[in-house]
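Visitor: Please take me through one chain closely. I would like to see how it is built and where it meets a neighbour.

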Amino acid sequence: MEISSTRRSFIKGLVAIGALLALPATVLAALVRPSAAFDSKELDASIKSLFGDLPVEASDRVNLKAPEIAENGAVVPITISTDIEGVESISVIIENNPNPLSANFNLTDAVEAKIATRVKMGQSSPVRALVKANGKVYYSTKEVKVTIGGCGG
Amino acid sequence: MADKSVKIRGKVKDGVAGVKTLISHPMETGTRRNAETGELIPAHYIEEVVFSHNGNDILTAYWGTSVSKNPYSAFSIKSAAPGDTVAVRWTDNTGASGANEITLK
Amino acid sequence: MNLTKLIALLLVTVVVSAAQADPEADRLAFRELYQQKFPAVDLAEFKDGVYAIDEKMREQWLEMEDFPAYEIAIDEGEELYETPFANGKTYADCFGDDPGIKHNYPIFDESVAEVITLEVAINKCREDNAEKPLPWLVGELAEISAYMAFSTRGKSFDIKIDSAAAQEAYENGKQFYYTRRGQMNFECRSCHQQNVGHMLRAEKISPSLGHTTHWPVYRGSWQYVGNIHKRFQECNIQVRAVPFEAQSAEYRNLEYFLTYMSNGMELNGPGSRR
């Protein structure tokens, strides 16, 4: 019983690999929304969920442009760029938000490694920009202060 | 294909197209309460946006609830020419979707 | 000279100077005040509000202006503006072919002896064409005025005070600006002149010169486009005063005064603010 079950799994696995190999590369790279990473409330768990076991390291080649003091936490402009070659994805994490992962942009070669977006911040927080390239994750972090107010204009 | 929910601007300079998009969407987090009734306003946010160039998908964005209301995105296409098309299509967590396309100048 | 005579003389002086109050002299003094506070800033830059005097905030603002959320409101407003009323007429039948007329508002309408803001004029146009007036502060009316403001971009305020009645409305608006109110006992001047450019908690206080150039505004704290009377109400609430109704005579006169102070300045609305 035990043996045949294992064997069946093994055969299933072989069939699955065969099916994968038969598919064109573009379909192999088909993207799926990393929902678990978005749903995670923990910074580390979210990163782990997004990148698996890839090594994650700080890098000054990841350029994160974000305001020191956000005009408004509801609309914080963020620009992430890098000169690292072969970028697969660029992600934004707001460490102190209830769900830290904010956005995950998946790039192809046709696009320059520079993305601008606007995010919500519930409170002051480190903002982390993560770049996935060549089997590694590179990141840089910037502290963004969020204040509450109402007399601009 | 034209859809008022998506505004796209694209400009070609030295063979590179700078593209900026603005999508009209509430991006509700699901944690806000209605000020009058006190009831939670259900989460309503864009989950996926696909940007394409001449019909090829070139950038796929996955978003959570913390992307700002009326989401803005900007990026550049490495090799583009006037007359090329740039399209955006989005879907949200309720299954709603929108799309628009422009011709680069 | 005895005391009674002195008081009488003083009273006469006050009455005469009030009667002779000259809006143009007020305007020049108003500008001079800001020029002295900010000698390095070209006063024309005050059309950008607080971003004229804060470089870091200006940088973020320019990023927002790159593709501001109010563009959605402009589009909506244009569609509403172009859509004929049930009787087949359109806003153009009220305002003429060019919707870019915000630089003339508020207008003092001699026939009713009242200040008419652009929002009042839009709703009057609707009512004249048997349509229901729209809510003042946000929504379709703000979108229509956003479209009209956008169409007016580049033109300069040309507010006129041509009669004694208009002068009186101006004086009332001026008086509002310089009257202490609320539990905080603040005048508009207390913040927007005496403490302009200083921080009020986390906010840098904006100058009154140019206060009306960029409305309606998409405020980050609102997350939609709203009209200036909504901001007046918020300001009053912030000094813990009871706010007036939108488009009340008080706020219309205040807008008339404030806009006259910005006469000659370029309009660049709608705007985006934090």
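Predicted model: local features only at pLDDT ≥ 70, side-chain atom pairs only at ≥ 80, totals over all residues.

Guide: Helices (H or I, at least four residues) and strands (E, at least two) are DSSP runs, numbered from the N terminus. By that count, chain C has 11 helices and 7 strands. Its radius of gyration, taken over C-alpha atoms, is 20 Å.

Residues are numbered from 1 along each chain as its sequence is written, while chains are lettered from A and ligands numbered from 1 in the order in which they are written.

Now the neighbour. Two residues are in contact if their C-beta atoms, placed from the backbone, lie within 7 Å. On that basis, 21 residues of chain C touch 13 residues of chain A. Helix H3 (55–65) and helix H10 (228–238) of chain C each give two or more residues to this side. The largest share, 4 residues, comes from H3(C).

Next, the loops. Pro216(C) sits between strand E4 (203–204) and strand E5 (217–219) of chain C. The peptide bond from Trp215(C) to Pro216(C) is cis, with omega near -5 degrees. Pro270(C) lies in the loop between helix H11 (249–261) and strand E7 (271–273) of chain C. The bond from Gly269(C) to Pro270(C) is cis, with omega near -5 degrees.

Definitions and conventions. Rg over C-alpha atoms; globule rule 2.2 N^0.38 Å.
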